[in-house]
Amino acid sequence: MTSSISISFSSSLLPSPLLPQDARKSKKSDAAIIFITTASRTVFRCASATTSSSTSKNSAEKKRHWKAGEYPGVSEVSIPRIANGSGSAKRTPIKNLKKKLDRHNNAKAWANTVTEALSDRIQKKQWLDALEVFEMLKKQPFYQPKEGTYMKLLVLLGKSGQPQHAQKLFDTMLEEGLEPTPELYTALLGAYSRSNLIDKAFSILDKMKILPLCQPDVYTYSILIKACIDASRFDLVESLYEQMAERLITPNTVTQNIVLSGYGKAGKLEQMEKVLSGMLQSTTSKPDVWTMNNIISLFGNKGQIEMMERWYEKFRDFGIEPETRTFNILIGAYGKKRMYDKMSSVMEYMRKLSFPWTTSTYNNVIEAFSEVGDAKHMEYTFDQMRAEGMKADTKTFCCLVKGYANAGLFHKVISTVQLAGKLEIPENTSFYNAVIFSCAKAEDLMEMERVFNRMKDKKCQPDSATYSMMADAYKKEGMSDKVYDLEQEKQMMAVKDNVDIEMEALVDV
């Protein structure tokens, strides 16, 4: 039995000097001493073991022995008993600890799997699959809305020509409680701008201007200026410059390069030279390698090789050094003019200066041979590209498909399309246009229609080139009814797009 006594006294609680040293140690080991101080007195509580044999017997009965490797436990006598209603003590449950840990680890692994799947779809530019995985992610209990995820999806949808889906995603983001930022609004504006929906892009700009925390910046205006230039709305460009001046936003080199390129493509060489002269005198928008690339690309695409080379030397005199993209532009321009010697010289010069051959480098060479139906050299370049570990992209396969069609090797078109599927190459409007081109070239109108239907099933919007190629193929066979149906569908698609834009404008109001 264990006895418990309470002793009240006012004397010191120091050990008695009358006790021998060994006796003091024995007392200390046999008793558990607790001091409780109150306002009026100090209570000394001592729980001593009066009978050693009885205590050891009870300990043997109550103490649980744990096997090696099991969860370490304590005996009942070593912890205080917490009395409940029935007078018994509660123990910490450890029976299902392993199951709980397994469930936690499985949930964490599932979260990582879904998140990685979403990142993979975004990286591969598979916008439809990315949205499906994102919907799956939102249904999980661990989901938390994040600005970065929405930003990546908005940019992907904008580049994929899906402004309606971008707007829907933006609205969902607001419903989930995320605060909009200038960057998110700029991404949405960019989605409309890339699809040439200028009015809708301007409405986004107007909305940003009335939100104190979402004011447009130089990047917002640069994206909108590019959209206006691509649509040849140079009058709107001037009004945007005026808005920037009112808001004390200074155009940077990116902005000026966009305008410079736009004037050049529109043949407004006088305005182009004016902008370039202003850049040379400016302290905030000095010409850079992008300026060089824009100018030489302009003349290279027009086949004006002498002007391209002349401007290249001028920029070198300005102290601007070329980069890989600069050499890729030169290679592409020489290839289109079938100046294979100069094209090879530039590639050798790149090797000499330790500039890497990129996917764009190989694409320009493949495209040069594709245009003339030189399947042999085209295949050799593609094989070398893969041997060096360079990853092919959608443009690579567009050039291959067109090259085989121009060479009359239609069976290789099929194998190339199958290879693109195996490599998970993103299928966009340009890719389907290349396949439709090859079908029209082979006069296989039935297969052409199947590809066209698959294109729409995959949510790839047909463009003017799509309808033009198919109409020419039908006209060649005298199928006027098919041409009429195609024109009707094209008009219906245009009307549908306008209705969608008007409905979105009403919702915004």
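Student: Which residues of α4 are buried?

Tutor: Keep in mind that this is a predicted model. Buried here means under 20% relative accessible area. By that cut-off, the buried residues of α4 are Trp 127, Ala 130, Leu 131, Val 133, Phe 134 and Leu 137.

Student: Why are those residues on the same side of α4?

Tutor: Picture looking along the helix, with the buried residues Trp 127, Ala 130, Leu 131, Val 133, Phe 134 and Leu 137 around its axis. They sit on the same side of α4 because they cover an arc of only 165°.

Student: How far does α4 reach from its first C-alpha to its last?

Tutor: α4 runs over residues 127-138, which makes 12 residues. At 1.5 Å a residue, the expected reach is 16 Å, and the helix comes close to that. From first C-alpha to last, α4 spans 16 Å.

Student: Okay, on to the pockets. Which helix gives the largest share of the lining of the second largest pocket?

Tutor: This pocket holds about 1300 Å³ of space. Among its 38 lining residues, the closest to the centre are Arg 194, Ile 223, Lys 226, Asp 230 and Ile 258. At least two lining residues come from each of α5, α7, α9, α11 and α13. The largest share, 8 residues, belongs to α7.

Definitions and conventions: Residues numbered from 1 in each chain as written. Predicted model: local features only at pLDDT ≥ 70, side-chain atom pairs only at ≥ 80, totals over all residues. Heavy atoms only, no water. Helix = DSSP H or I, 4+ residues; strand = E, 2+ residues; numbered from the N terminus. Expected span 1.5 Å × (residues − 1). Buried < 20%, exposed > 50% of the residue type's maximum accessible area, 1.4 Å probe, protein only. Arc of directions from axis to C-beta. 1 Å grid on protein atoms, 1.4 Å probe; cavity = no way out; pocket = protein on both sides within 12 Å on 5 of 7 lines; lining within 4 Å. Points joined across faces, edges and corners; volume = space filled by probe spheres on them.
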